[in-house]
Amino acid sequence: MDQALKLETLDPSRRPHIGIVGAGFAGLRCADVLLRNGFRVTILEARNRLGGRISQERLPNGQLIDVGANWIHGTTDNPIMDLVKETKTATGVWDSSSNIFDEDGRLLPLEEGEKLSTLVWNIIEDAFAYSNKYGPSIDPGKSLLDFFQEEVVKRIPDTEEGYERQRRLLLQMAELWGSFVGSPLNMQSLKFFWLEECIEGENLFCAGTYNKVLEKVSQPVIDGANIYYRTRVSEIYGKSMTQTGLAHVKTTDGQVIEFDELVVTCPLGWLKQNLEAFSPPLPDRVCRGIRNIGYGCLEKVYISFPTAFWLNPSPSDGRIVQGFCQWLTPSYAQNTNPKRWLTEVVELGSLGAAAHPTLLFYTFGDQSHHLTSTLRALPSNKEKDAFVYEYFKPYYSRLPSYDESNVNCQPTAYFATDWLGDDLAGNGSYCNFRTGLLDGDKDIIAMRNGVPGEGIWLAGEHTAPFVALGTVTGAYWSGEHVARRIAQTYFRGKGEEKERVLDGEKGCHIQG
Ligand SMILES: Cc1cc2nc3c(=O)[nH]c(=O)nc-3n(C[C@H](O)[C@H](O)[C@H](O)COP(=O)(O)OP(=O)(O)OC[C@H]3O[C@@H](n4cnc5c(N)ncnc54)[C@H](O)[C@@H]3O)c2cc1C
């Protein structure tokens, strides 16, 4: 009889009982693997729903949208891609045409946009190669912006006509990196840029939203685990703190719950703010990891229209805008955007069967703080609506075929995220790697190791394999990894069976 079966047939009260704090993809996957290995599992989730930073909302016009993740980063050997296929979730990808408005609000000719966009991505690829090769000797203070500034003079020489403008545009375009990591370009560590590299393959937009994948990942957990919703953990105690030798938690409503092992999947931003929740204190190396790794603030604003007017050829030059579009360092939005933050959008009107006439704006850094804090402070929905439409009008009104007097060009609905205001998301979006970081890889490994001796394990996107840090796949793998380590702890010394009980796990490319 294998170990999993032995555990299954034990009196339920004697089966090892594993507590999981948080029901995002890390917690859900961890629970699934533990259940399949015969453990008793209880999830403590502060929200009234599963999924954490994967969640959906309906726009007032009925359209379902993703509030958190909506890209699949990498299609090769990615278990999330397998789930996308299994659930027949629609995905989208756009061709590479580059729609870029310069600082005066003029749409660059397509060839110029494509040339600059290709240069930006070539420099990013070279920065990855440089960081991979020379990481240990790169000055921790050096940023990706520094790398761009050095490269731009090599790639656009003084001999090229209009070189100064071309260099300026390229450096402005490079700022779009902020939409990937949630923090500005000058804060991106070059030394640890390699930690931003993704799984191989394409980046696909989850056009049908993540909701069916979430349902699929949740189902076995709903069927097999105890789930306590609206249960917020405020104190976490290791095994050495009790005579029973069990780990336990206290919740904000005064419950004390004991477990054989406890997996904490709270976001990195939450850990940063709640280090004192742990008794005994987390080891110094783990605390340093938590403090050292950055946490970004990507936010999204969806704005819907009656039709995707930007896909109608412009009466003047026949241009349409498909896929991504950027408005660089705008000089023409002084009232609403005096700091001239870059604005980027992906239009969702050309997603085949899943298309809807919506623009999805991405913001990061100070712009995210400005938008979320302003919206939070506005007292009525009417004022919030007016603010959002006015704030983004300088940009959407520059899209081809926009006509102020045409009702099809008037926004009908919007949704703005506020992860910065969400303490259960750690008041931010996901981990990133900032200038000044000295030992980023070791920081991740320290967090990933957790404190098994105390029965305290850490999982979540910030503890993922390096190729998937900060992503849905990374969160999923991190949960799987911890479950496997816990199973190994309980079946220690029975090598053959140890391998067998892990059957059924897939895509577990654990590094570090
Ligand atoms: C705006 C945005 C866009 C993103 N875009 C992408 C993308 O396109 N592609 C991609 O791959 N990734 C993206 N991500 C990142 C991705 O969503 C996360 O990496 C992943 O969902 C994290 O999963 P997790 O399980 O680690 O954490 P979470 O999903 O945050 O789960 C943690 C859970 O713990 C709960 N919790 C927190 N504190 C407590 C407590 N004290 N007691 C009880 N429960 C608690 C929370 O409510 C939450 O449910 C994005 C994230 C954001 C915010």
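Valine 467 sits in the loop between strand E21 (456-458) and helix H14 (472-490). Helices (H or I, at least four residues) and strands (E, at least two) are DSSP runs, numbered from the N terminus. Valine 467 counts as buried because it has 22 C-beta neighbours inside 10 Å. A residue is buried if 20 or more other C-beta atoms lie within 10 Å of its own, exposed if 12 or fewer, and partly exposed in between, with C-beta atoms placed from the backbone. Neighbours within four places in sequence left aside, valine 467 is in contact with Glu197, Cys198 and Ile199. Two residues are in contact if their C-beta atoms, placed from the backbone, lie within 7 Å.

The model is a predicted one, in which local features need pLDDT of at least 70 and side-chain atom pairs count only at pLDDT 80 or more, while totals for chains, interfaces and linings use all residues. Residues are numbered from 1 along each chain as its sequence is written.

**Domains and ligand shell**

The domain assignment gives domain 1 (3-53 + 209-292 + 434-501), domain 2 (112-196) and domain 3 (297-424). Such bounds come from an automatic or database domain assignment. Taken over C-alpha atoms, the centres of domain 1 and domain 3 are separated by 38 Å. The shell around the ligand draws at least three residues from each of domain 1 and domain 3.

Which residues come nearest to the ligand? Of the 39 residues around the ligand, they are Gly22, Gly24, Gly52, Trp71 and Ala475. A residue is near a molecule or strand if its C-beta atom, placed from the backbone, lies within 6 Å of it. Helix H2 (25-36), strand E5 (71-73) and helix H14 (472-490) each supply at least two residues of this shell. H2 gives the largest share, three residues. By class, the shell has 20 nonpolar, 13 polar and six charged residues. Here Ala, Val, Leu, Ile, Met, Phe, Trp, Tyr, Cys and Pro count as nonpolar, Asp, Glu, Lys and Arg as charged, and the others, Gly among them, as polar.

**Core and helices**

In soluble globular proteins, nonpolar side chains tend to be buried together. The largest nonpolar core of this model has 143 residues, of which Cys30, Ala31 and Leu34 touch the most other members. A nonpolar core is a set of buried Ala, Val, Leu, Ile, Met, Phe, Trp, Tyr and Cys residues joined through C-beta atoms within 7 Å. Not counting residues up to four places away in sequence, alanine 31 touches Ile20, Val41, Ile43, Val221 and Ala225.

Helix H3 (residues 79-86) has Pro79, Ile80, Met81, Leu83 and Val84 as buried residues. These pack against E5, helix H8 (211-224) and H14. Just after H3, lysine 88 takes a positive phi of about 55°.

Helix H6 (residues 163-174) has twelve residues and reaches 16 Å from its first C-alpha to its last, close to the 16 Å expected at 1.5 Å a residue. The expected span is 1.5 Å times one less than the number of residues. Buried in H6 are Arg167, Leu169, Leu170, Gln172, Met173 and Ala174. Their cover includes strand E6 (99-101), helix H4 (110-134), helix H5 (144-155) and strand E16 (324-327).

**Loops**

Glutamate 103 lies in the loop between E6 and H4. It is partly exposed, with 16 other C-beta atoms within 10 Å. Apart from neighbours within four places in sequence, glutamate 103 is in contact with Leu328, Thr329, Pro330 and Ser331. One of these, threonine 329, lies in the loop between E16 and strand E17 (343-347). Threonine 329 counts as buried because it has 20 C-beta neighbours inside 10 Å. Its phi is near 30°, a positive value in a residue other than glycine.

Serine 401 also has a positive phi, of about 70°, although it is not a glycine. Its place is in the loop between helix H12 (381-396) and strand E19 (413-416). Proline 280 is in the loop between strand E13 (278-279) and helix H10 (284-292). The peptide bond from serine 279 to proline 280 is cis, with omega near -10°.

| Pair | Apart in sequence | Apart in space |
|---|---|---|
| Glycine 318 and proline 400 | 82 residues | 8.4 Å |
| Valine 467 and asparagine 337 | 130 residues | 35 Å |
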